Amino acid sequence: MGKKEKEFQIKWKTDLPYRYSIGKLAVKYFEELKNKKITGSKCPKCGKKYMPPRAVCADCFVEMTVEDMIELSPRGTLEGFTVVNYPFVDPNTGGMRPFPYGYGIFKLDGADTYMMHFVDETDHTKFKIGQRVEAVFKEKTEGDIYDIPYFRLIKEEE
Ligand SMILES: [Zn+2]
């Protein structure tokens, strides 16, 4: 012992194809996103409304089905925010994410859970807790997570 042994390495690249089932509620969620509608699920026992929809209520463990899905408003209330001012690798693209950008946490009207998303504002003085926000859909939706690229801050007169 004491003598450092040379590390043995094999460099190898391999494909690892797999299929992931997102479940019936998520399928319906993305179908409705394509129709520019935001859906959630409502627990049939306690009435808690989840966005995005969940298959099982976290509070009472009751299973939810597509029949328990509800349409939610594209508008909500800002509960927290930040403006990101540092560069990092965007896991969605593998490239550097352009900055600065706004990021908010909010509840959509009719939902009991929070969601986070990009906000099209980079001046932190323009964010206010309790401010109204609205989802901005792509013009041509495809039924995927990018159909809502960001939320916008709603001006008071709107
Ligand atoms: Zn419940």
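Ring pairs join Tyr86, Phe88, Tyr101, Tyr103 and Phe118 into a cluster, where rings of Phe, Tyr and Trp (its six-membered ring) pair if their centres lie within 6.5 Å, and planes under 30 degrees apart count as stacked, over 60 as edge-to-face and the rest as tilted. The model is predicted, so that local features need pLDDT of at least 70 and side-chain atom pairs count only at pLDDT 80 or more, whereas totals for chains, interfaces and linings use all residues. Residues are numbered from 1 along each chain as its sequence is written, and side-chain values use heavy atoms, with hydrogens and water left out.

Arg97 lies over the face of Tyr101, at 4.3 Å from the ring centre, and over the face of Phe118, at 4.0 Å from the ring centre. For this assignment, NZ of Lys or CZ of Arg must be within 6 Å of the ring centre and within 35 degrees of the ring normal.

A search of the whole structure finds seven aromatic pairs. The rings of Tyr29 and Phe30 have centres 5.2 Å apart and planes at 75°, and the pair is therefore edge-to-face. Tyr29 is buried, with a relative accessible area of 10%, while Phe30 is partly exposed at 21%; buried means under 20% relative accessible area, exposed over 50%, and partly exposed in between (1.4 Å probe, protein chains only). Phe106 and Phe151 form a tilted aromatic pair, 4.5 Å centre to centre with 45° between the planes. This pair links distant parts of the chain, with Phe106 in strand β5 (residues 101-108) and Phe151 in strand β8, 45 residues apart. Both Phe106 and Phe151 are buried.

Strands (E, at least two residues) are DSSP runs, numbered from the N terminus, and two strands pair if DSSP finds at least two bridges between them. Strand β4 (residues 75-84) is joined to β7 by three bridges, and the two run antiparallel; the bridge partner of Thr77 in β7 is Arg132. Four bridges join β7 to strand β8 (residues 150-153), also antiparallel, with Tyr150 in β8 as the bridge partner of Val136. Four of the five residues of β7 (residues 132-136) are buried, so this strand is largely enclosed by the rest of the structure.

The zinc ion is coordinated by the SG atoms of Cys43, Cys46, Cys57 and Cys60, at 2.2 to 2.3 Å; donors are N, O and S atoms within 2.8 Å of the metal (3.2 Å for Na, K and Ca). The four donor atoms subtend angles of 100 to 123°, which makes the arrangement tetrahedral, a class that requires all angles to lie between 85 and 135 degrees. The donor residues are spaced C-x2-C-x10-C-x2-C in sequence.

Conventions:
Four donors count as tetrahedral if all angles lie between 85 and 135 degrees; four count as square planar and six as octahedral if opposite donors are over 155 degrees apart and all others between 65 and 115; anything else is irregular.
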